[in-house]
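Please describe what surrounds the ligand in this structure, and then turn to the contacts that involve aromatic rings.

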Amino acid sequence: MGYTSLAGELQSLIRGSVQTNEPMKKHTTWRIGGNADLFVDPGDKEDVRRVVEFVEKNDIPLTVIGNGSNLLVKDGGIRGVVLKVGRGLAGISVEGTTIKAGAGTMLPELAAAARRAGVGGFEFAAGIPGSLGGAIVMNAGAVNGCVADVLHSIEVLNEHNRFVTLNKEELGFAYRTSNLQGKPVICVSTLWQGYVKDRGLIEQETRDYLLKRKAAQPQGYPNAGSVFKNPAGDYAGRLIEACGGKGLRVGDAQVSTKHANWILNLGNATARDVLTLIEKIRKMVQDRFGVDLHLEVRVLGED
Ligand SMILES: Cc1cc2nc3c(=O)[nH]c(=O)nc-3n(C[C@H](O)[C@H](O)[C@H](O)COP(=O)(O)OP(=O)(O)OC[C@H]3O[C@@H](n4cnc5c(N)ncnc54)[C@H](O)[C@@H]3O)c2cc1C
C-alpha cells in the first residue's frame, strides 16, 4: 500500500493530523533534514496508542520526536511514521508544589507555571527549547538543575501498548541521558515535585540566568545547542576551541565563533555538512588531547 492511502487510513483513525512527505527541516531547530514518509501530530494520548497499533499492523517503522531541538535528521529523511509529541499532548496543572503536565508541554512553560505558583526547582527549564518528553529522554539541564532533580514520575505507552507509570528511579538518569533512549516507549505525561520558594526570588534568579545564557550563547542562526557531551571534568567547547576549531566550516555548517560546542546552520547546511564537521572536530580533539567526544545530539534517518 502506498503512503498516500496509508495516510488516509491513519487520518480516519485519529483526531490529530497526518502529512505525507513532510520536510523534517520544518520540525528541527537546526532546520535540517529530509522528508518523513508520514508525519503525525497526535491530538491526544489515545491518538498515540492508535498510531502505534497502526504501525504495528502495517509493519511500518516508527520514530518519536518532541520539539526537534536535539536532533540531526539526515538528508534522506525518515522512513515510515514520525510521531511528534507536541501541542495535542500539552497542558499544565499545579497543585501545591506538585506539577502535572502533558509530555508535549515546553520546558519554558513548565518553568513559568512553577514561577507563577512560587514553586522552586524548575529555574533551569526557562531557557531550554525542548518538550518535556524530549527533556526527560535527554535528562536536559543546565548549571542550576536538571530534569532528574525535580521529576517524580512519567506516564508512558509501553511496548505492550499499555499506558503505565514509571517512577524517576526506574529511568536510569545520568548526565544528559536516561534509559529511555532507544527504548520503544513513548512518554505522554509527566509529574514533577518542586518545593516552596519565594516568587520574587525565582523571578530574579530566572532573569539573571536567562541574561547569562543569552550572553554566552550564539544567536541568530538555527542550531541544536551543545553538539557534544562534556567529557568528565572538562568542557567539549574548551577542547574544541583549544584545537582552533572555532569558525571551522563545512558547506553552510559552521562551528560558532562564540561557543565552540555549537554548530550553526548559516543558511543551507545539510546533515552531511554537519556530520563531516563533527568528524573533523572529533579527530582534532582526539589527535590533540586523546579525548573521544560523544554526541549529545541524536542522529536520525537515512543518508
Ligand atoms: C538554543 C538551544 C539551547 C539548548 N540548551 C540546552 C541546555 O541548556 N541544556 C540541555 O540539556 N539541552 C539544551 N538544548 C538541547 C535540547 O533543547 C534538549 O535536549 C531538549 O530537552 C530536547 O527536547 P525536544 O523535545 O526538542 O526533543 P527532541 O530533540 O525532539 O528529541 C530528543 C530525543 O528524545 C526522544 N523523544 C522526544 N520526545 C519523546 C517522547 N514524548 N517520548 C519518547 N521519546 C521522546 C527522541 O526520539 C530523541 O531521541 C538546547 C537546544 C537548543 C536549540
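Helices (H or I, at least four residues) and strands (E, at least two residues) are DSSP runs, numbered from the N terminus. This is a predicted model, in which local features need pLDDT of at least 70 and side-chain atom pairs count only at pLDDT 80 or more, while totals for chains, interfaces and linings use all residues. Residues are numbered from 1 along each chain as its sequence is written, and side-chain values use heavy atoms, with hydrogens and water left out.

Ser131 has its place in the loop between E8 and H4. With a relative accessibility of 3%, Ser131 counts as buried (buried means under 20% relative accessible area, exposed over 50% and partly exposed in between, with a 1.4 Å probe and protein chains only). The side chain of Ser131 also reaches the backbone nitrogen of Gly134, at 3.1 Å.

The ligand is surrounded by 32 residues, of which Val64, Gly66, Ser69, Ser131 and Gly141 are the closest; a residue is near a molecule if one of its heavy atoms lies within 4 Å of it. Five residues of this shell come from H4, which gives the largest share, and strand E3 (62-65), H4 and E13 each supply at least two. Sorted by class, the shell has 15 nonpolar, 13 polar and four charged residues, where Ala, Val, Leu, Ile, Met, Phe, Trp, Tyr, Cys and Pro count as nonpolar, Asp, Glu, Lys and Arg as charged, and the others, Gly among them, as polar.

| Residue | Atom of the residue | Distance to an oxygen atom of the ligand |
|---|---|---|
| Val64 | backbone N or O | 2.6 Å |
| Gly68 | polar backbone atom | 2.8 Å |
| Ser131 | side-chain N or O | 2.6 Å |

Of the 980 Å² of accessible area that the ligand has on its own, the protein covers 91% (Shrake-Rupley method, 1.4 Å probe).

The structure holds one aromatic pair, a term for rings of Phe, Tyr and Trp (its six-membered ring) whose centres lie within 6.5 Å, with planes under 30 degrees apart counted as stacked, over 60 as edge-to-face and the rest as tilted. The rings of Phe122 and Trp192 have centres 6.1 Å apart and planes at 70 degrees, so this pair is edge-to-face. Because Phe122 lies in the loop between strand E8 (119-120) and helix H4 (132-138) and Trp192 in strand E13 (residues 186-193), the pair ties together parts that are 70 residues apart in sequence. Phe122 counts as buried at 2% relative accessibility, and Trp192 is buried at 0%.

Terms used:
A polar contact is a pair of N or O atoms within 3.5 Å; within protein, one must be able to donate a hydrogen and the other to accept it, and residues adjacent in sequence count only if both atoms are side-chain atoms.
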